[in-house]
Amino acid sequence: MMMQIIFLHISDYGDYTDIAQTLGGHTELAYWLIWLMCRCPVYIFIIIMGYFLSTSEITFNKKRILKCYLPMLFYSITIPVIYGILKPNVITTDQYLKAFIPFLSRTWYFMTLYLLVLILSPYLNRMVQGLDREHFLILIGICFCLFSVWQPLSMLEPFEGIIGIKKILATQGGKSLYDFIYMYLLGAYLRKYHLFRKHDNIQDGSIWSKPYLYLLGFLTLGLVNVFIVYSYPDVGIEDVIGYNDNPLVVLQCICLFRTFEKLDLSRFKKLGNAINYISAGNLGIYMIHEHPLIRPLIWEDIFNTDRIAFYSEGDYLIKFILIILLVYSICWMLDWCRRMLAFLIKKLFKKEKEVTHDN
């Protein structure tokens with residue numbers, strides 16, 4: 001999922017989106033095929049959050065919130081400081097001030113929303129625990145109609161101007177607190193009630209327990225999105241199809257989540273441990289490469305992907321893979337250093353506290 005996010009940033013900040021549509025032909029087709037298969041990572045992270053947190057805490061967890069916020073504060077301060085040392089007189093006073101309040105200054109939109117949902121999660125969990133399957137399903141249906149049906153329709157011809165969401169729903173293409181709570185509840189529903197009323201009666205050998213079935217559903221929905229883009233080029237469908245909360249993308253999220261949920265890694269314990277160890281650095285990877293100061297450095301200065309010549313070369317997709325792996329690996333190592341530093345400080349503080357207590 002994090003590698004998909006890096007690809008989406010290549011598309012946005014490396015100008016892959018604009019240049020692919022300018023070049024047209026097979027370049028544009030490749031873009032739509034890949035891009036529309038990468039619309040799920042943001043929502044998947046929140047679905048995972050709802051899936052695991054919804055059954056646990058109904059009290060305010062300060063430690064969990066600090067565990068999320070302290071890395072935000074660390075990167076928000078250290079990146080401008082280091083940048084300012086290397087490039088004096090570039091960082092403004094406002095940027096330094098914003099660095100100390102990353103939650104309020106929206107240094108990373110995802111982290112701010114992630115933290116907000118984390119703060120709200122105990123109260124959402126109380127609601128979840130009080131809902132039976134029928135009423136929970138109705139709630140998910142209401143959210144689906146509001147954010148995945150009403151909003152997209154209001155932006156398409158011939159409904160635009162007839163169906164309105166102004167001052168009612170402003171989800172920024174699926175990047176709002178509304179949508180994150182929507183996905184949190186969806187994750188909670190999948191954990192509590194799965195997809196089917198008779199889930200408990202589904203045998204392990206049933207077709208509904210096979211991960212490839214959900215993977216096939218994910219791929220099929222992605223291809224349907226591509227078909228819609230090419231079938232309706234004059235109604236503004238491209239933007240709406242690309243929204244995180246468009247109905248087909250939400251269904252893709254469910255299918256992709258279920259694909260991995262149904263994978264049995266119990267026989268591959270070392271692989272599971274490796275996945276957990278590597279993925280622990282995901283949020284750090286996001287915060288490093290998506291920091292407003294680092295973003296242009298990566299896409300404009302280092303890789304220089306914002307030019308037509310880059311996409312005119314036949315191996316640009318291979319270069320994409322190498323860039324994604326390189327960005328992921330370097331940012332992961334930097335975050336690993338941050339985590340080790342935090343571990344050592346915590347250990348030293350604990351040791352000093354024990355010595356003081358003994359004395």
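## A buried aspartate and its surroundings

Asp335 is buried, because its relative accessible area is 0%. Buried means under 20% relative accessible area, exposed means over 50%, and partly exposed lies in between (1.4 Å probe, protein chains only). These areas come from the Shrake-Rupley method with a 1.4 Å probe, and for residues only the protein chains shown count as cover.

The model is predicted: local features need pLDDT of at least 70, side-chain atom pairs count only at pLDDT 80 or more, and totals for chains, interfaces and linings use all residues. Residues are numbered from 1 along each chain as its sequence is written, and side-chain values use heavy atoms, with hydrogens and water left out.

### Salt bridges

Side chains of opposite charge can pair when their charged atoms come close. Here a salt bridge is a side-chain nitrogen of Lys or Arg within 4 Å of a carboxyl oxygen of Asp or Glu. By this rule there are five salt bridges.

| Arg338 | Asp335 | 3.0 Å |

Where do Arg338 and Asp335 lie? Both are in helix H18, three residues apart, about one turn of the helix. An α-helix has 3.6 residues a turn, so residues three or four places apart point the same way. Arg338 counts as buried, because its relative accessibility is 16%. A network of salt bridges links Asp335, Arg338 and Arg339.

Glu290 is buried at 7% relative accessible area. Lys319 is partly exposed at 26%. Asp315 is also partly exposed, with 34%.

### Surface patches

Patches are made of residues with over 30% relative accessible area and no salt bridge; like charges are joined within 9 Å, and nonpolar side chains (Val, Leu, Ile, Met, Phe, Trp, Tyr) within 5 Å. Lys and Arg count as positive and Asp and Glu as negative, while His and the chain ends are not counted. A charge is placed at NZ of Lys, CZ of Arg, CG of Asp or CD of Glu.

Lys63, Lys67, Lys346 and Lys350 form a positive surface patch. Helix H5 (62-86) and helix H18 (316-358) are the elements that give two or more residues to this positive patch. Helices are DSSP runs (H or I, at least four residues), numbered from the N terminus.

Lys63 is found in helix H5. At 71% relative accessibility, Lys63 counts as exposed. Arg64 lies in helix H5 too. Arg64 is partly exposed, at 33% relative accessibility. The C-alpha atoms of Arg64 and Pro233 are 46 Å apart, and 169 residues separate the two along the chain.

A nonpolar surface patch covers about 550 Å². Phe260, Leu263, Leu265, Phe268, Leu271 and Ile275 make it. Phe268 sits in the loop between helix H13 (247-261) and helix H14 (269-279). Phe268 is partly exposed, with 42% relative accessibility.

### An enclosed helix

Is helix H10 largely enclosed or open? Twelve of the 17 residues of H10 are buried, so H10 is largely enclosed by the rest of the structure. Among them are Asp179, Phe180, Gly187 and Tyr193. H10 covers residues 177-193. The expected span of a helix is 1.5 Å times one less than its number of residues. For H10 that gives 24 Å, and its end C-alpha atoms are 24 Å apart, which agrees.
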